[in-house]
Amino acid sequence: MTVKTAAHLKQLLSGKKFLPIYIERKNIDKTSLSPVAVELHWTSICNYNCIHCSYGSRRQLKNKLSEDVIESVIDDLIQLNTRSVYLSGGGEPTTVKGWDRYAQRLMNQGVEVALITNGTALQESHVDILRRMNYIAISIYSTDEAEYEQITGSRFFEKQLKAPSIIKHGSNCAIVGARCVLNSINYRRIISIYQQAVSANFDYIIFIPAVDYEGIGVGLKLEEMDTLKRILKKHYNLFDFSKTNIDELIKRNINHYDESDYRKVYESSDAAICKAIEIRGNAFINYDGGVYLCQPHIGNKKYCIGNVNENSFKEIWNSKQHLKVIDFLQDEFAAGLCRNCRSVKFNMAAYEYDSNPYPILGISEDTFI
């Protein structure tokens, strides 16, 4: 493993990657700030039908943003100097016609781009664009073909492990990582999945327990978590923890997110606010045009700050509705109600820093997403 890869994985898993941007923005008028990172869920169409999909029911709508709307959003993100864009979520982002052209346009304007994909639609013609990306995360499902088909409803088993050999070339290539959502079918295969990902030359593999955003029972059951813990304990010495998040997973008791009360780091829970929202950290643009500030609330109209099918992203951002939704979210954050959110980790780092400022050494500002 190269130093570049090791540093990237450590940064990817650390809440402290948030700090340079937080420090830069904390004393600036927040209504003048553009989003740091935007996640584009531009289609609900997917060439898989995964049993654990956190967008399962919403995906059946088969919605997608029009070409004109995507072009408008990209124009606005470039003009607002957005730093990073995720091509992700909802459906499979590479099923959108011209996805590679959109990615290239963003990168040509200095916007970092990352891609979360099942990898099945990637072609040799995409390689030059893929190599310019900040990182690419490919989904892996199982090392057993029958399990793979049961999970995905598809027959691209052999393509799971191909991406590194196609994309990686030289020292300036994008990081190519693997992601495996653990569900009731594949969790017993975690050792072989890890080993095959490493053998296939992925830079890392992250295991993610299925998150039940829609309340349809896709998460691991308690007895399955217990079995998984026993498997990991038995094979603990097999893992290279510079290439996987298994150690973090064990510490979190096989949960995707830390279950402890994030308010424990605050002097007063009444004064607690989400720093990520305060400094305009993230935006999520959904395939129905809705714009949201938090991933767990995507699809809930109460938390929608506007719709890019009706108004431009620039008109929506920092609008009255945006500020109203921020108030909703800050009330929930202060009450300890936030769940399944990546920003919890960032907030804990920010509050730790505010209580005891220290030099930010060796932490890159790249890709706050």
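How many cavities of 30 Å³ or more does a search of the whole structure find?

## The cavity

In this predicted model, a search of the whole structure finds one cavity of 30 Å³ or more. The largest cavity holds about 120 Å³ of space, and it is lined by 16 residues, of which N282, F284, L293, C294 and S343 are the closest to its centre.

Two elements, helix 12 (275-278) and strand 7 (282-285), each give two or more residues to the lining of the largest cavity. Sorted by class, the residues of this lining comprise nine nonpolar, five polar and two charged.

## Packing of helix 4 and helix 5

Two packed helices are described by the angle between their axes and the distance between the axes. For helix 4 (residues 67-79) and helix 5 (residues 99-108), the angle is about 15 degrees and the axes lie 10 Å apart. Because angles under 35 degrees count as roughly parallel, helix 4 and helix 5 are described as roughly parallel to each other, and their crossing is right-handed.

## Residues in the helix contact

On the side of helix 4, the contact is made by E67, I70, E71, I74, D75 and I78, which meet R101, Y102, R105 and L106 in helix 5. By class, the contact of helix 4 with helix 5 has five nonpolar residues and five charged residues, with no polar residues.

Definitions and conventions: Residues are numbered from 1 along each chain as its sequence is written. This is a predicted model: local features need pLDDT of at least 70, side-chain atom pairs count only at pLDDT 80 or more; totals for chains, interfaces and linings use all residues. Side-chain values use heavy atoms; hydrogens and water are left out. On a 1 Å grid over the protein atoms alone, a cavity is a set of points where a 1.4 Å probe fits but cannot get out, and a pocket is an open set with protein on both sides within 12 Å along at least five of seven lines; lining residues have an atom within 4 Å of a point. Grid points are joined across faces, edges and corners, and a volume is the space filled by probe spheres set on the points. Helices (H or I, at least four residues) and strands (E, at least two) are DSSP runs, numbered from the N terminus. Ala, Val, Leu, Ile, Met, Phe, Trp, Tyr, Cys and Pro count as nonpolar, Asp, Glu, Lys and Arg as charged, and the others, Gly among them, as polar. Axes are lines fitted to C-alpha atoms, for helices over the stretch in contact, and angles run from 0 to 180 degrees between N-to-C directions. Angles under 35 degrees count as roughly parallel, over 145 as roughly antiparallel, 65 to 115 as roughly perpendicular and the rest as oblique. A crossing is left-handed if the near helix is turned anticlockwise from the far one by less than a right angle, and right-handed if clockwise. Contact means heavy atoms within 4.5 Å.
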